[in-house]
Amino acid sequence: MKILVIGANGLVGSGVANVLRKNHEVISASRSSDVNVDVNDPASIAAMYKSVGKVDAVVACIGKVAFKPLAELTRDDYLKGITDKVMGQVELVNQGLDYVNDSGSFTLTTGVLAREPIKTGALAALANGALESFVIGASIEMPRGIRINAVSPSVLAEAEGYHPYFPGFTHVTLAEVTNTYVKSVEGWSTGQIYELG
Ligand SMILES: NC(=O)c1ccc[n+]([C@@H]2O[C@H](COP(=O)([O-])OP(=O)(O)OC[C@H]3O[C@@H](n4cnc5c(N)ncnc54)[C@H](OP(=O)(O)O)[C@@H]3O)[C@@H](O)[C@H]2O)c1
């Protein structure tokens, strides 16, 4: 398969790209990758798809939101977070429908804060929940047998800097997480939210 991984130089994305590369052609995209894209800019997404052409799978390992106490979150914080994590991935699907081959797939990235709270995590919860609902809603309208799923991990064992903010949360390994992306890309499921940890 020809697979486009956006965010392929991040913690999650590099693991995913390395595993998928064993059996597939992987194209890495981000603001600083060979294939350049800024998901906050729809024109940049259009240029990326035009340069890459048809693919069998799109995997999005991106999404940045502000972590702040609820009372300090501003409207601007909310709009920026939704623009980046939610609309960045939704736009990859919106435009990607013209580029993903029949029976291909989209795999998006959400996270545990959709289902369990931490202090300062309300905006992340909002973004993750919105994306997960989008995946469920979009799955029954995808054309040409195209599938869509989300991987929703708990904090990674390898992301040690985050551990103090997730007291008592199960840590999932990068290997477990990347394997779930493989299941989404190489398997047959659609409309799934793969909850890990
Ligand atoms: N780390 C965890 O423990 C964990 C747990 C659960 C869920 N998640 C979720 O997994 C996703 C990735 O997390 P991560 O820890 O792998 O983050 P990361 O290490 O910071 O990587 C982020 C990736 O996204 C790319 N990126 C950032 N902004 C971009 C933009 N505007 N346009 C295109 N690419 C952009 C970065 O590359 P460039 O800088 O080159 O653009 C990088 O490749 C996030 O949604 C996060 O919430 C992470």
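Q: Hi! Where does the ligand sit in this one?
A: In this predicted model, the ligand sits in the largest pocket.

Q: Which residues come nearest to the ligand there?
A: There are 25 residues around the ligand, and Asn9, Ser30, Arg31, Ser32 and Ile62 come nearest.

Q: What kinds of residues make up that shell, by the way?
A: The shell around the ligand has 12 nonpolar residues, 10 polar ones and three charged ones.

Q: Okay, what does Arg31 do with its side chain?
A: A polar atom of the Arg31 side chain lies 2.7 Å from an oxygen atom of the ligand.

Q: And which ligand atom does the backbone of Ile62 lie 2.7 Å from?
A: For Ile62, a backbone N or O atom lies 2.7 Å from an oxygen atom of the ligand. With Val39, a backbone N or O atom lies 2.9 Å from a nitrogen atom of the ligand.

Q: How much of the ligand's accessible area does the protein cover?
A: The ligand on its own has 880 Å² of accessible area, and the protein covers 81% of that.

Q: Switching topic: how many salt bridges are there?
A: The count comes to four salt bridges. One of them joins the side chains of Arg144 and Asp102, at 2.8 Å from N to O.

Q: Nice. What does Asp77 form with Lys68?
A: Asp77 and Lys68 form a salt bridge, with their closest N and O atoms 2.8 Å apart. Side chains of opposite charge can pair when their charged atoms come close.

Q: Is Asp77 buried or exposed?
A: Asp77 is buried, because its relative accessible area is 12%, under the 20% cut-off.

Key. Residues numbered from 1 in each chain as written. Predicted model: local features only at pLDDT ≥ 70, side-chain atom pairs only at ≥ 80, totals over all residues. Heavy atoms only, no water. Near = heavy atom within 4 Å. Polar contact = N/O pair within 3.5 Å; in protein donor to acceptor, adjacent residues only side chain to side chain. Areas by Shrake-Rupley, 256 points an atom, 1.4 Å probe, with all protein chains shown as cover. 1 Å grid on protein atoms, 1.4 Å probe; cavity = no way out; pocket = protein on both sides within 12 Å on 5 of 7 lines; lining within 4 Å. Sits in = over half its atoms within 2 Å of the grid points. Nonpolar A, V, L, I, M, F, W, Y, C, P; charged D, E, K, R; others polar. Buried < 20%, exposed > 50% of the residue type's maximum accessible area, 1.4 Å probe, protein only.
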